[in-house]
Amino acid sequence: MNAQHRKTSGAYYTPDAVVATLLQWAVRDPADRLLDPSCGDGRFIAGHQNAVGIEQDPAAVGTAISRAPWALVHEGDLFAWAANTSERFECAAGNPPFIRYQTFKGAARERALELCQRLGAKFSGLTSSWAPFLVATASLLKPDGRMAFVVPAEIGHAPYASPLLEYLVGNFGHVHVIAVKGKLFPDLSEDCWLLYADGFGGTTASFLFSAVEQFKPGGRPPRSGVRVSVSEWRSRWNRRLRPFLAHPDARALYEEIAFDPHSRRLGDVASVGIGYVSGANDFFHLRPSEAERHEIPSDLLQPSVRNGRALPAGSLTRAIVRNWERQDEPMLLLRLSKDQKLPASVRRYLDTEAGREAREAYKCRVRDPWFAVPDVQIPDFFLTYMSGRAANLVRNAAGCTCTNSLHAVRVRDKTAMIEIVRSWSTPFTQLSCEFEGHPLGGGMLKLEPREAAQIVVSAPSRAKQLSSPIFSKAVETMQHWRHYAAIQ
Ligand SMILES: C[S@@+](CC[C@H](N)C(=O)[O-])C[C@H]1O[C@@H](n2cnc3c(N)ncnc32)[C@H](O)[C@@H]1O
């Protein structure tokens, strides 16, 4: 199977040891009927005599049938099948397809979201396929049934995972999520965790959340873990399980500060948005020597920060920008407005071969006029979108703009912003970035604008607590879980 096909169908088959472990837990009696809702080449259904598999890929169906000739394998879409079948199962196990929303679309997604909505789980169009997949699967269980699945680690932070988690606690007596740090799939950059849900038809007021360094084969999930109250998960942790990777002492102190009545969130005191999208970076960003050669007037050139790596710590000064200019960096944005009267030299530049190529780029084609880059702003601060060790907040003392590889922060409340700057590099704020952001793969931390807006701006009276070693340790733990050491 080629890489593209694998990606669009989410076909990553599960290692044998994981298959055996999930089956050992899910199947409790030889007579139990087992469902694998996306059985691939049949490795789960081959492990139990009374099994049913659903699979949409005809070639995989063929392999599954020869591997488990006793099993019933239906070829087709799980959601179509689930909507019509009256079959029910004691248990389900497997590894649902991980197809992102950009690919999980059209009629297949409509069907999936419609079925889930009827089951009481409301997913948005931004969901990846695996989360509705698990809701549909759970609905096929008999009362007191159970399921064990491999799940993407996104279950710990992605907003689209919360309708699934809500559904699980509303429909199972016991829900256990196990974070696994070591890769279950050596070829995948995404981490995978495990999900066990038991007692279908019941409800629970808490998750059990365990964290293990490495997957351990065997029929029993880890016994130890943190009990996460569902109401706290909703009200205090933005429906995220990931913060529960940190030590309970760190979480307790963090909560105390974050929910101090005088603490606020970055979004309360500033707006956080991404920088502009030029559509053709090489064309719109000129080196000073090129700008001179093309005789572009300097008032149409805006110094720009093109990526976070270029930023210093603390403050971006005019001296630093002058240095970029001396080094002839491609950092001058051709900034033309919609109703710009174009000087002859600019018209010539737009008409160069590079200009004719640029106007064909998608983002340029769909705007009018193609050469006016929208949303160019001069923010008060830059905040790194993707970060290694820690997110960097840098004062814009040079009047620069920035591309969408950075966040543009516009301050509404100057006093609070002084507080943020003062506390930015403390372990508390770093931990806040780790809790509110998410791992990107490859060790990086990503902060979407809505996540950055949630970073805690601590109450001034808490200043002394922000550097507690408890927070430093927790930051290390979170970095460890996003594999930061791998890029050091
Ligand atoms: C991650 S693989 C898992 C296969 C197998 N359960 C395993 O763990 O090795 C996911 C499988 O889901 C199948 N699939 C994707 N969308 C599906 C759908 N809507 N209905 C049924 N199967 C689907 C893919 O073809 C792929 O074989």
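Author: The axes of helix 9 (residues 248–258) and helix 20 (residues 469–481) come within 9 Å and cross at roughly 120°. Keep in mind that this is a predicted model.

Reader: Which hand does the crossing of helix 9 and helix 20 have?

Author: The crossing of these two helices is left-handed.

Reader: Which residues of helix 9 and helix 20 meet?

Author: From helix 9 they are Asp249, Ala250 and Leu253, and from helix 20 they are Ile470, Phe471, Lys473 and Ala474. Sorted by class, this contact has 5 nonpolar residues, no polar ones and 2 charged ones.

Reader: How should I read the crossing of helix 5 and helix 6?

Author: Begin with the axes and the angle. Helix 5 (residues 106–119) and helix 6 (residues 130–138) have axes that come within 10 Å and cross at roughly 50°. The crossing in which helix 5 passes helix 6 is left-handed.

Reader: What meets what between helix 5 and helix 6?

Author: Ala112, Leu113, Leu115, Cys116 and Leu119 in helix 5 meet Pro132, Val135 and Ala136 in helix 6. The residues of this contact divide into 8 nonpolar, no polar and no charged.

Reader: At what angle do the axes of helix 6 and helix 7 cross?

Author: The axes of helix 6 and helix 7 (residues 162–171) cross at roughly 20° and come within 9 Å. Angles under 35 degrees count as roughly parallel, and helix 6 and helix 7 are therefore roughly parallel to each other. Helix 6 passes helix 7 in a left-handed crossing. On the helix 6 side the contact is made by Ala131, Leu134, Val135 and Ala138, and on the helix 7 side by Pro163, Leu164, Tyr167 and Asn171. By class, 7 of the residues in the contact of helix 6 with helix 7 are nonpolar, 1 is polar and none is charged. Val135 belongs to this contact and also to the one with helix 5.

Reader: Now the strands. In what order do the 4 strands of the open sheet lie?

Author: As a general idea, in a regular strand the side chains alternate between the two faces of the sheet. Here the order is 12-15-13-19, and the pairing is mixed. Strand 12 (285–286) and strand 19 are the edge strands, each pairing on one side only.

Reader: In which sense, parallel or antiparallel, does strand 13 pair with strand 15?

Author: Strand 13 (residues 301–305) pairs with strand 15 (residues 332–334) in the antiparallel sense, over 3 bridges. Leu301 stands opposite Leu334 in strand 15. With strand 19 (residues 401–402), strand 13 runs parallel, and 2 bridges join them. Ser304 has Thr401 of strand 19 as its bridge partner.

Reader: Last, the ligand. Which residues around it come nearest?

Author: Of the 23 residues around the ligand, the nearest are Tyr13, Thr14, Ser38, Gly40 and Asn95. The shell has 10 nonpolar, 8 polar and 5 charged residues.

Conventions:
Residues are numbered from 1 along each chain as its sequence is written. This is a predicted model: local features need pLDDT of at least 70, side-chain atom pairs count only at pLDDT 80 or more; totals for chains, interfaces and linings use all residues. A residue is near a molecule or strand if its C-beta atom, placed from the backbone, lies within 6 Å of it. Ala, Val, Leu, Ile, Met, Phe, Trp, Tyr, Cys and Pro count as nonpolar, Asp, Glu, Lys and Arg as charged, and the others, Gly among them, as polar. Axes are lines fitted to C-alpha atoms, for helices over the stretch in contact, and angles run from 0 to 180 degrees between N-to-C directions. A crossing is left-handed if the near helix is turned anticlockwise from the far one by less than a right angle, and right-handed if clockwise. Two residues are in contact if their C-beta atoms, placed from the backbone, lie within 7 Å. Two strands pair if DSSP finds at least two bridges between them. Angles under 35 degrees count as roughly parallel, over 145 as roughly antiparallel, 65 to 115 as roughly perpendicular and the rest as oblique.
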